[in-house]
Each structure stands twice: as C-alpha cells, then as structure tokens.
Amino acid sequence: KYHIQFCITTPCQLMGCDDLIHRTEHYLNIPMKGTTHDGLFTLGEMECMGCCVNAPMCVISDYSNPANFSYNFYEDLSWDSMKNILNCLREGKPLNYGSQAGLRKVAEPAGGKTTLLFKEPPGPYCRDLDAKPEVKK
C-alpha cells in the first residue's frame with residue numbers, strides 16, 4: 001500500500017539518511033526493495049527529490065486507490081519522526097507531510113529568510129535598467 005522512497009543523494013547522506021534507512025529496515029524487518037509480510041510497506045531509494053535544504057527526506061506514495069494515489073514528501077526527518085510516520089500510517093491516523101521538525105515553512109531556511117529580502121536588488125548593475133533598448137536599423 002505505501003511505497004516509501006528515501007532520497008540517497010549527497011545532502012541527504014550528509015544529514016543522516018543512511019542511518020534512517022537502516023533503522024527503518026530494522027523496524028519494519030525488511031531490506032531495501034523489500035515489502036512487509038502484510039503488504040503495507042515497501043522500501044525504495046530515489047535520487048534527488050529536489051528538497052536538499054530539508055534533508056533528509058523521503059516520499060511516501062499510497063497506491064491503494066490507483067486513480068487517486070497520493071505522493072507526499074516528508075522532510076527534515078529524524079528517527080523519531082520517521083517512526084511516528086510509520087506508526088501513523090500503520091494505524092490509519094492522519095499526519096502532516098512536509099517538514100517534520102517544525103523548523104521551516106516549505107523550503108525556507110530553518111531560521112527564516114536571510115537573503116533575497118530586497119524589493120529591488122542592490123547595484124551596481126551591468127547596465128542602466130531604466131534605459132530604453134536600442135533599436136537597430
């Protein structure tokens with residue numbers, strides 16, 4: 001029913017995905033690419049999911065309703081948050097996807113925005129932004 005795919009690229013590895021994967025394999029008693037005896041969970045790997053700032057992360061797909069399957073990202077994972085996700089899925093409890101650490105909104109830095117705060121970028125500019133373009137004859 002649930003296909004759990006862990007991101008295994010460098011940012012996620014630096015933030016501990018290998019340990020998270022090994023703990024999940026042990027907790028579910030299945031190897032990578034394995035499925036639990038009840039068919040509830042299947043583990044997999046995926047290359048970069050584009051959420052490097054929120055590493056480590058995984059995507060969990062629910063294929064139980066083929067026409068309307070879900071594909072949700074779970075980010076900023078720790079072993080405690082991953083175990084909570086697995087237990088909630090197993091028990092049919094609702095859970096929030098996105099950052100699991102409560103540190104950020106979407107892909108903002110954990111402490112809030114620190115760059116790109118200007119309404120207009122500061123100079124110097126490579127050209128006069130207010131100049132009209134030259135018309136070639």
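Tutor: Helices (H or I, at least four residues) and strands (E, at least two) are DSSP runs, numbered from the N terminus. This is a predicted model, in which local features need pLDDT of at least 70, side-chain atom pairs count only at pLDDT 80 or more, and totals for chains, interfaces and linings use all residues. Residues are numbered from 1 along each chain as its sequence is written, and side-chain values use heavy atoms, with hydrogens and water left out.

Student: Which strands supply at least two residues each to the lining of the largest pocket?

Tutor: A pocket is, on a 1 Å grid over the protein atoms alone, an open set of points where a 1.4 Å probe fits, with protein on both sides within 12 Å along at least five of seven lines; lining residues have an atom within 4 Å of a point. Here, β3 and β4 each supply at least two lining residues. The largest pocket holds about 170 Å³ of space, and of its 13 lining residues the closest to the centre are Tyr2, Asn72, Tyr74, Leu89 and Leu95.

Student: How many bridges join β1 to β3?

Tutor: Two strands pair if DSSP finds at least two bridges between them. β1 and β3 run antiparallel and are joined by five bridges, with Phe6 opposite Cys58. With β2 (residues 41-46), β1 pairs in the parallel sense over six bridges; there, Phe41 is the partner of Tyr2.

Student: Is β1 mostly covered or uncovered?

Tutor: Buried means under 20% relative accessible area, exposed over 50%, and partly exposed in between (1.4 Å probe, protein chains only). In β1 (residues 2-7), five of the six residues are buried, so the strand is mostly covered. Tyr63, in the loop between β3 (58-62) and β4 (70-75), counts as partly exposed because its relative accessibility is 40%.

Methods: Grid points are joined across faces, edges and corners, and a volume is the space filled by probe spheres set on the points.
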